[in-house]
Amino acid sequence: MIFHNSLRGPALTFAIQPIDDVSLFVERQSHTEHPQVQQQFLPLWSLMASHSDTLVVFFGATAGANGGKLGSDEREIILLVWQIVDLHEKKVGKLHQCFVKPDTLELTDQCKEETGLTLEDIINAEPLDKVLQQFQQSVASEVKCLGRSSYTLLVNSPLVIRQALHPEASKKNLVLPECFFSFVDVRKEFHQCCPNAGSVQKLTMGFMLEYVGLPAVSEQMIGVREVSSMVQLTLCIVAEPYNHTFSCVETVNYKFDSGTCSKTEPVDSDMVIRARGLPWQSSDQDIARFFKGLNIAKGGVALCLNAQGRRNGEALVRFINSEHRDLALERHKHHMGSRYIEVYKATGEEFLKIAGGTSNEVAQFLSKENQVIIRMRGLPFTATTQEVLSFLGPESPVTDGAEGLLFVKYPDGRPTGDAFVLFSCEEYAQNALKKHKQILGKRYIELFRSTAAEVQQVLNRYMSTPLISTLPPSPIVPVPVLTTPPFLAPASSTRDCVRLRGLPYTAGIEDILEFMGEHTVDIKPHGVHMVLNQQGRPSGDAFIQMKSPDKAFLVAQKCHKKTMKDRYVEVFQCSTEEMSIVLMGGTLNRSGLSPPPCKLPCLSPPTAYAAFPTPPAILSEAALYQPPLLAAPRPSPTTVHSPAHTLAYYPPQPHLYMNMNMNYTAYYPSPPVSPSTVSYFAAPPGAMAAAVAAQAHPAAVAASSVLPQPGALVRMQGLPYNTGVKDILSFFQGYQYAPDEYSSMVQMNEQARSLIQPKEWLCL
């Protein structure tokens with residue numbers, strides 16, 4: 001072949017002499033199974049490739065999108081085309097074209113149109129692993145024939161290597177030859193050779209050929225056309241007058257390197273993404289495998305934890321540059337196993353908040369590289385280092401003995417029951433994981449994989465926990481903290497309560513009393529407690545205080561799995577302490593009690609109260625505990641045992657419930673409480689407020705039953721958004737309300753902040 005350049009620059013004529021077909025085979029030893037060999041071999045391979053005189057022009061196509069969207073739809077590779085170019089002798093080898101049989105025999109219409117392939121072309125082809133083996137043998141033979149010892153891949157875009165080949169090989173557990181871990185991009189080389197040609201992203205093969213004065217290749221087959229065009233362009237820019245030398249070698253990391261990140265380290269937001277929907281047991285290595293082909297920064301995977309310290313299925317990933325971050329965004333809704341993973345942009349601040357740390361103890365613990373980290377959870381508080389090492393046993397030795405074990409503690413030195421352990425290899429870590437849920441002392445211990453970022457995050461979370469619980473001041477009046485609200489008995493271990501689980505969401509107090517039947521006579525006053533979720537909706541649970549443990553036991557025996565509205569309800573005996581913890585926001589399950597979470601952003605203290613001055617008068621304790629009504633009074637039912645019920649609601653006043661000996665700082669809504677009934681509960685008078693609410697606007701206003709006190713609270717719902725204090729006072733014209741100094745107590749409820757919620761006002 002002879003090409004002539006007459007469009008730009010001096011006349012250029014060169015000849016391409018093909019290499020004779022050879023059949024010599026040289027097998028190349030793969031180092032993929034030995035990570036240490038890989039780490040030592042990669043710099044040497046990159047150095048050899050950057051000075052290599054042999055290029056292998058490489059092209060691939062998938063069964064779906066190609067071109068600029070190659071690999072974005074997880075479609076498998078169906079075509080590989082390659083050809084060797086000897087830059088020193090200006091010779092080219094034989095052009096090889098191999099079809100690849102995918103696991104899913106399906107081609108998109110876009111693929112058929114762009115490649116011209118049909119199912120008949122690939123149905124009898126070899127799978128990817130066989131084709132890669134043919135590629136390796138063919139290239140090794142020709143390179144050996146040339147007397148060369150190394151070669152470098154030349155591609156028209158990194159997508160075929162980073163977005164197609166490496167992800168597919170990772171999913172199929174294929175071992176790629178080392179040549180696929182370094183390559184040069186012809187567009188970046190051309191941009192370095194001809195900087196005035198435009199940006200790399202806008203360079204196309206046709207434009208680059210025209211820029212140097214070469215005609216476009218007329219071949220119809222897409223793979224052959226692309227490879228032939230790259231061969232022509234390559235031989236042109238290495239000859240006079242360009243004399244270009246290929247030097248921009250890109251590499252693909254063999255594996256992810258864990259490490260630490262300081263909070264003072266600058267992190268560019270253009271390099272960070274958020275992955276959502278991860279399996280809870282996934283590790284940083286699993287996430288790195290999902291992004292195989294893209295280079296993640298050292299220690300650049302940070303698994304996010306929820307308020308309880310457990311993984312929430314999200315992770316922040318930091319890449320080495322913005323180009324790799326943009327390629328990662330193209331993997332949105334790609335699959336990890338059977339789950340699809342959502343990928344979004346994130347900021348450097350978010351990454352530092354999760355992965356950054358300032359503890360010297362943690363930095364020293366994580367300073368050992370190439371270590372496998374295992375997290376232990378549920379350790380006895382009295383567990384010592386030697387007991388933990390003995391628990392792990394000699395088959396899983398800890399790196400550096402006691403120095404490879406880090407106990408997580410509170411700021412005052414109390415143990416949390418968590419610890420992190422370092423192992424020098426995967427085998428030792430696997431042996432340790434086999435002890436998952438084995439017993440140490442009297443507790444079973446959970447073991448699972450962890451990351452350096454998780455170590456930082458757990459330590460930051462516990463070290464930031466205050467030693468003394470702090471709660472916001474009273475939103476109404478400063479009063480002494482009471483040990484127990486009047487509607488709850490003091491917390492004790494006496495099992496005189498029952499828990500109802502699985503209630504229909506439409507179930508009310510009347511339904512529960514009817515469900516209890518003859519046992520309703522044994523319920524304490526104000527002893528029915530409906531549990532609502534954070535949205536204020538029924539959770540399907542309720543607690544009932546009985547007069548004695550024997551009565552509670554009898555109810556649990558008689559009513560367990562009885563039916564209520566076509567649903568069976570489970571009834572369990574429990575203690576007042578367990579009931580109180582659940583009503584405060586904790587959980588009670590088969591694993592035992594879990595206190596309320598430490599920090600929930602959605603439960604932050606309301607700030608609206610700060611704008612209202614505190615009235616000079618001090619309400620009585622009984623008046624402060626009195627709830628306003630949530631709904632209008634219900635009509636009296638026909639059943640004898642359950643006259644008129646009034647559903648009670650308690651506004652958020654967590655400072656009144658400090659009787660729990662728990663260390664938490666979140667602002668919690670107070671527990672919903674049972675109504676007052678005539679037959680079984682004392683019904684305090686509150687007729688005036690109820691009459692005001694019922695006569696003024698029965699559908700929008702609900703008044704509460706109040707204990708004897710000078711005044712009552714009325715809650716109004718459904719107000720216009722532009723309602724002011726004067727409108728409220730005008731609405732109640734004709735009724736006696738608090739003096740002028742109390743008019744400032746008209747407050748907008750915290751729920752009015754949400755635009756989808758109606759405005760609510762509390763009037764005193």
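How many bridges join strand β21 to β22, and in which sense do the two strands run? In this predicted model, three bridges join β21 (residues 438–440) to β22, and the strands run antiparallel. Ile 439 stands opposite Tyr 444 in β22. The two strands form a hairpin with two residues between them. Gly 441 lies in the turn and has a positive phi of about 70°.

Strand β22 (residues 443–449) also pairs with strand β18 (residues 372–377). This pairing is antiparallel and spans four bridges. Within it, Met 376 has Leu 447 of β22 as its bridge partner.

Helix α13 (residues 385–392) contributes the buried residues Val 388, Phe 391 and Leu 392. These residues cover an arc of only 95° around the axis, so they lie on the same side of α13. The cover over them includes β18, β21 and β22, the strands described above. It also includes β19 (405–409), β20 (415–423) and α14 (426–433). Gly 393 follows α13 and has a positive phi, near 85°.

Aromatic contacts were examined next. The count comes to nine aromatic pairs. In one of them, the ring centres of Phe 58 and Phe 135 are 5.6 Å apart. Their planes stand at 75°, above the 60 degrees required, so the pair is edge-to-face. The pair links distant parts of the chain. Phe 58 belongs to strand β4 (residues 54–62) and Phe 135 to helix α4 (residues 128–146), 77 residues apart. Phe 58 is buried, at 1% relative accessibility. Phe 135 is buried as well, with a relative accessible area of 1%.

Phe 58 forms a further edge-to-face pair with Phe 180. Here the distance is 5.5 Å centre to centre, with 70° between the planes. This pair too links distant parts of the chain, 122 residues apart. Phe 180 sits in the loop between α5 (159–171) and β9 (182–185). Its relative accessible area is 0%, so Phe 180 counts as buried. Phe 58, Phe 135 and Phe 180 form one aromatic cluster together with Trp 82.

A charged side chain also meets a ring. Lys 562 lies over the face of Phe 515, at 5.2 Å from the ring centre.

Note on methods:
Residues numbered from 1 in each chain as written. Predicted model: local features only at pLDDT ≥ 70, side-chain atom pairs only at ≥ 80, totals over all residues. Heavy atoms only, no water. Pairing = 2+ DSSP bridges. Buried < 20%, exposed > 50% of the residue type's maximum accessible area, 1.4 Å probe, protein only. Arc of directions from axis to C-beta. Contact = heavy atoms within 4.5 Å. Phe/Tyr/Trp six-rings, centres within 6.5 Å; stacked < 30°, edge-to-face > 60°. Lys NZ or Arg CZ within 6 Å of the ring centre and 35° of its normal.
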